Structure formats: C-alpha cells, structure tokens
Amino acid sequence: MVYTIEKIRQILEAGWLQQARPEAAAEHLLFDTRLVVSPATSIFFALVGERQDGHQYLVHAYAMGVRHFVVSKPVDTAAFPGANVLRVGDTLAAMQTLAARHRAQFALPVIGITGSNGKTVVKEWLHQLLHRKFNIVRSPKSYNSQIGVPLSVWQIRPEHTLGIFEAGISKPGEMERLERIIRPDIGIITNLGPAHREGFPSDEVKLAEKMRLFEHANTLVFCAAHEMIARAAQTWVKAKPGRRLIAWSLEIQSLKFEVRSSDAGLQTSNFKLPTIFPDPASIENACHCMAAIVALGLDPASFRRQLKRLEPVEMRLELKAGINRCMVINDSYSNDLASLRIALQFARQQAHGGRLTLILSDFLQTGQDKRPFYKTVARTLQEQQVGRLIGIGSDIPVIQAHLPTGFDTTFYADTHDFLHHLQRHDFHDELVLVKGARAFAFERIARRLEQKAHKTVLEVNLSALLHNLNTYRRLLAPGARMMVMVKASGYGSGSAEVAKLLEFHKVDYLGVAYADEGIELRHAGVTLPILVLNPEPASFDALYRYRLEPEVYSLALLEQLIQFAGKDKDLSVHLKLDTGMHRLGFEANDMPALTAQLQKHPNIRVKSVFSHLSASDAPGHDAFTHQQAAAFSAMYEPITEALGYRPLRHLANTGGIARFPQYHFEMVRLGIGLYGIDSGGLQDQLQAVNTLKATISQIRELQPGETVGYNRNGPVMRPSRIATISIGYADGFLRLAGNGRYSVLVHRQKAPTIGNVCMDMTMIDVTGIPEAREGDEVVIFGENLPVQELAACLQTIPYEVFTNIAERVKRVYWQE
C-alpha cells in the first residue's frame, strides 16, 4: 500500500500549512523522535498529551531527517524547508483515522482481544500456535492503547492472512475509537477485573464499554464461568442475525466448547487440555486460545503438540533464579486485586511450602475506598500464606491494621528508598514475588534480586543491539532493505535469541554460514528469509525443506542445484559475484554460461545478486571499492536481461553502509556493526552489546619471591593480593592475555593478569583494589572496557574474540 502525502491529506481532510512534495510516500507513523528509524518515509504526528506536546519535538524530528508532519497548532514553517506540513484539529484522531482507512483496505480475518488481564499472553500464545498456518500481524508487546492500536494496525500488509490485536481502555468513549480501527471479525474477552475501575461508574458500564469492540464482529469467545460476561454475551448475540458465541468451560482438564448462533442453535464439542499449565492464569489463557482456534474453524486437537510447547510471555509472570538461592517472580507489569490473586496462586505453587515474600506497591486506579480495599488485600495475603510483606508507596501502610499482630511487614515511601535499604532484608532461600504498578518501576527491584552470580556469563544487551540496528537503519536510502548476518551463533551472542529479536523489529533478511544454523533458526520459530552462505550438496534437501536460500557461487554448484531441483522443485537462490575479494563468486567470464543455465531453468529463482567489498572501511583503498562496484554493476546487467526481472542487489557490508551510501542499492548487509563494532566512521554512535563477566573465586596474600601459575611464570615482586577468577582459555580468554599483557576490571579499576591463563581459571593482581572481595564481579570486556583492547592483546580482531567465546559460557539476555 502506497500512501502519498496528498492521499493522506485527503483521508484526513487536512489543510496544507506547507506543501513541498505531496507525491512523496509515507510508510511509517511516528509520534516519538526516540523511535525514528526511516525518517525519509515517516510521517510525524505531533500528539498533544497531558505531559508532552509533540509540537515541541518538531525541530528535533526535522533534524533527524523527517520531512512529513501532521500538526494541530500553528507552526513556523520557515524552520522546516522542504517539508510537508498538514494541519488537523486533533492529531491523535487523525492518526486513528488514517489507521482505520488502512485497515479497511484488507479483508483478512482479525481477532480483537480485550479484558482486564491476559490480553498480551493470549495474543502471543495464539501467535505461537497459529504462525505456521497463517502469516500473522499482531500488536507489538502491549500496544493496546489509543496510540498503540493504530500503530499496530498500520503494520497490516497484503501478505498477512490473520490479524491479532489487543484493545485496552481506561474511560468511556475509548473503545468506539479502537473498534473503528481494529474492526475484528472474532472477539475475545478474557475477564473483567478492577483495573481502571476509577474511570467507570460501575463494572457493568466498564463491561458495556469493552463490548463495543465487538460491534461489527461475527463471533465472540468468552469463559462461561464469568457470569457478567456471559449475560452480556447473550445480549450481544441476540442483537444482530448471523452472530455466534463460543463459550468455554473447564472441568478437571476437560475443556468444553459451546458454539451458539443467533440463527443456528447450539453445538458442543470437547477437548482434553494437557496437564501442563500449573496456575489458573495460564489455564484460562490457554482455554481462550483453544476457543479462538475453534472460532477460526480449526480442530483444536491438531494443536495439542504446539500447546505443550507454549513459551511463557516474559512481560507477565517471570520466574527466574535469584540471589542467595531465592527464586524471583517478576510481575512488575500491572497491579490489581485479580492479577495479585493469580500471581499469588502461582507463587504459592512454586514455593512448594517454603517461605513466600511479597514486594507490593500501592494499588493505583482501584476506584475504591482505601481501607476496605486493603482489608481485602490483607485477607488475600493470609489466604495465600504470604510470610513477609514489603510495601512500597504512600497508601499501602493502611494494610497494617488488617494484618494479624506479628505479621512481618516493612514499608517504604518509594522504590528508590527500598533499594537503598535492600541489604537489610537478607533475602535467602525463599520465593520473592515482585508485584507492582508500572509507575513504581519495580523492574529495578527484579533486576537487583535476580541471580547474577553465574561464574562466567556473556551478557547480551538487547537494547544496545536495537540501538545499533536503528543507527544503521537511519542511514539507509528510502526503500533499501537490510539483511543482518547472524552466522557463528550471532557472532557469539546466540543466533536464535538475536534472530527472534531482529524478526520482531522487521529486518528483511537473515544470513547464516551453514544450513545447520538456518535449521536451528527455523526450529526456534524464525520465519524470515534466510540466506545460507556456504551450502553443501549434502544439505540441499534440508535447505529445501526448511525454506533456506543458498548462495550460488560457481557453475559447478549451480549444476548440482539444478540436478537436485529437477523440474518439480522451485528454489530461491542468491548469486555471489567475485568483484575483487577473490574468495568465492562468479567472474565476468562466467556470465554467458551462467545466464544460459538460468534461462533454461526458470524454477531456479534468483532472489538477489551480491558481492563482498574487500576494504570498505579502509579509505586508502576507496578506489578499489569503486572498481568493485563498477564490476558488480557490469555483471549484474546481463543477469537481469537473461532473467527478465531484476533481483535485489546488495554490496555494502557493515563498513560500507556509512561510507558508501551510493552502493546501498536495494539491500545492505549488517554484520559486526550490530554488536557495536564499526571501523567505517560510526563507532562513536554505537553501543556495546556484549559484556563478558567472570567472578572472583578466591583471593590470597603473597609475598615477594613467590610465584603464580604454571611454570612459575608469574613472579611476585611485592606484597600482593592475587585473585583467581572463573575464566580460562577454554572459555575463550586465550593464553596471550596472560602474564600482565591484559587487564580486567574489578570495581571499575584495572587489574592485570599475572602468570599463565589456565584452562578454566586466570589469576589477576588486585593489590591496588582494596575493596575487591571473593564473589565480586569481574569484567573481561564490555561498555567500560572495549573488546577492541582484548582483541589487540590477542593480536586479532573483535570478530574472533566474540566467536571464540565457548558454548559453556552462559548467555544472559536483558533489555531495558
């Protein structure tokens, strides 16, 4: 779908404040300058909220390259030369109107989900269950607000075959606007709890507002045990002919579906729910998913295997290993009584009779008087056998009067105050439930309590990775795509985890070295197109079965692929040209034979033609880079003439993206730059992604004349404190780093190695760091100690350092 600025103006019935290029196309809806990715094809809506006014960020957006704006206030257009500026009465309503028009262009089935809890989990689980049958577009994260819904629906493209969108409301009148955007065919109402109760005079009014989402739906899914919802559903189905209800109920793992139509009576069916869901919340969410599958006309029994493989949605109840043998449940996403009860039920099951500590914030937006409300909370805590309560906020101390004498309670004014006194609480051998409203930022508490004592870990900062991705994306010409290389286990960072993140953030292609790497990504659920750089004839069948696309670099390899494909298999391939790297690729004199073969075998579909720049990051070889580009173009043209179509071209690698924008063509390849390493001029703009950490195992005092390590290669020249740390050459910290040639960080201070690096351990001199203690964290490389320093010590490059990190080193992924 192409939306020119003039077309958008007509849809919004907007006026021109400044007209520059009305024929320019806008692909991205933008309201936050921190989210700028493709400025040239973005249209910025200056949203006006209670605390923020988007008009204050117009200049910043313009400086970042945005040239299309929708405003609702007077603007000095002289500050925005060459920009299109549209004026509307309400910028949020305008964004919603544009999204609604976009939604109306598509006839795909859409599932709309609302309710007080479980919307995101149901949506994500439906995606896990259905992604093999449908090309699904869905709400990112919990984009269910007045802003999030239009951004979600704007993602719909002609290739999508199913949409799944959440809708959340906080006051009357909001759902009507969201319904106009989503227009679901199938509705799911998960439950009705007290969240946002203060915005409605009663639960009945709130439910009626939520039901507005299904005004034009033909099917409604709900739990028959929710009596108020069931009554509303009966009213809904009778209001219009052709509607149907799918009510589910559960008795001892037997899931019963009742399908009732306004014009076709009642049908029932049953499904045996696997006994894999340990808590009521998961069971309810799974039942909603199975009922939605029935609504789509599918057999729920055929999804039994996928149901058993459902993965938890981490933004909800997250169970992780904590400090001092604790387990931590992080439910710092929302806080209402219904979700607290579910979380406590889950926590009690996980505690197995052990001590249960609850860290609980004020309840916001309850719409109830504090004292009777907290009396109910107190009763719930006692019912679930909470052993200790740590309350944070100004309201929650009210609960003290409703707890029995001697109940272990402590209260703090805010999260910062609690964190300052964290050590007082001596958390050990217990289960800790962190449950707080979003405003209290309890994720900070969860991070402090989660276990960080892994002996040796590689921490992968996914926020930094996304920052780096967007840094390169901002450099791309309009329409240029991006392939990201995740070979060698994502440069040591873990290919599946990184690939899933990249797919979520809409990169166009992935690249791997071998078929096995691509198969691993498919098993992990990655559906993006994947280029395999080093295909082998023995892997052709796997390439075909897993929809992997091989690089073809020689006539001999092409002939083998043709023989494998025969006439009944369609294969997508990528042609590699040798333009001066002299590693792999077709040469100019191969063109006649290559084009002849391609013409004879049209089932060999060429998806792209590419080459590799030898020295894109070396200014001294720029003339050779231009020579390579010219050779590439000269070989590309006869290929396109023979094919009758123009495959994608990609030549620029990480080093070339910034330095040679003229060679972006239709796609670029991003590799090591994603992980924060660039020698093409962007290093200062990138963030470190990988941090390798070890732990001090032991510290000993040594005197002059003593030695450290094998062969006594570490002589002690002064009274010294020597620490043994939990990393060695078997982990990827190679022997060249020993004997004082490299220094690690302890308490942000450098500590040199002493003696040889051992297989599993290394010794360092911490004499000058008196605060160093056993168990302390040691940084091998990271944000404050660039990996380039270790690479220089090892006489190699960062690529090799990353890929040398052993599999036994635990990867820990985190995102702010």
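Q: Let's start with lysine 693: buried or exposed?
A: In this predicted model, lysine 693 counts as buried, with a relative accessibility of 12%. The cut-off for buried is under 20%, so lysine 693 falls on that side.

Q: Okay, and which side chain does lysine 693 meet in a salt bridge?
A: That's glutamate 777, at 3.1 Å from N to O. The two link distant parts of the chain, 84 residues apart: glutamate 777 is in strand β36 (residues 777–781) and lysine 693 is in strand β29 (residues 690–702). Glutamate 777 is partly exposed, at 39% relative accessibility.

Q: Why would side chains like that pair up at all?
A: Side chains of opposite charge can pair when their charged atoms come close.

Q: How many salt bridges are there?
A: The count comes to 24. Some share partners: Lys123, Glu124, Arg138 and Glu166 are joined into one network that way.

Q: New topic: what does lysine 73 pair with?
A: Lysine 73 forms a salt bridge with aspartate 53, at 2.4 Å from N to O. Lysine 73 lies in the loop between β4 (68–71) and β5 (84–87), while aspartate 53 is in the loop between β3 (42–45) and α2 (58–63). They are 20 residues apart.

Q: And aspartate 53, buried or exposed?
A: Aspartate 53 is buried, at 12% relative accessibility, whereas lysine 73 is partly exposed at 32%.

Q: What about glutamate 209, which side chain does it meet?
A: Glutamate 209 meets arginine 212 in a salt bridge of 3.4 Å, N to O. Glutamate 209 is buried at 5%, and arginine 212 is partly exposed at 42%.

Definitions and conventions:
Residues are numbered from 1 along each chain as its sequence is written. This is a predicted model: local features need pLDDT of at least 70, side-chain atom pairs count only at pLDDT 80 or more; totals for chains, interfaces and linings use all residues. Side-chain values use heavy atoms; hydrogens and water are left out. A salt bridge is a side-chain nitrogen of Lys or Arg within 4 Å of a carboxyl oxygen of Asp or Glu. Helices (H or I, at least four residues) and strands (E, at least two) are DSSP runs, numbered from the N terminus. Buried means under 20% relative accessible area, exposed over 50%, partly exposed in between (1.4 Å probe, protein chains only).
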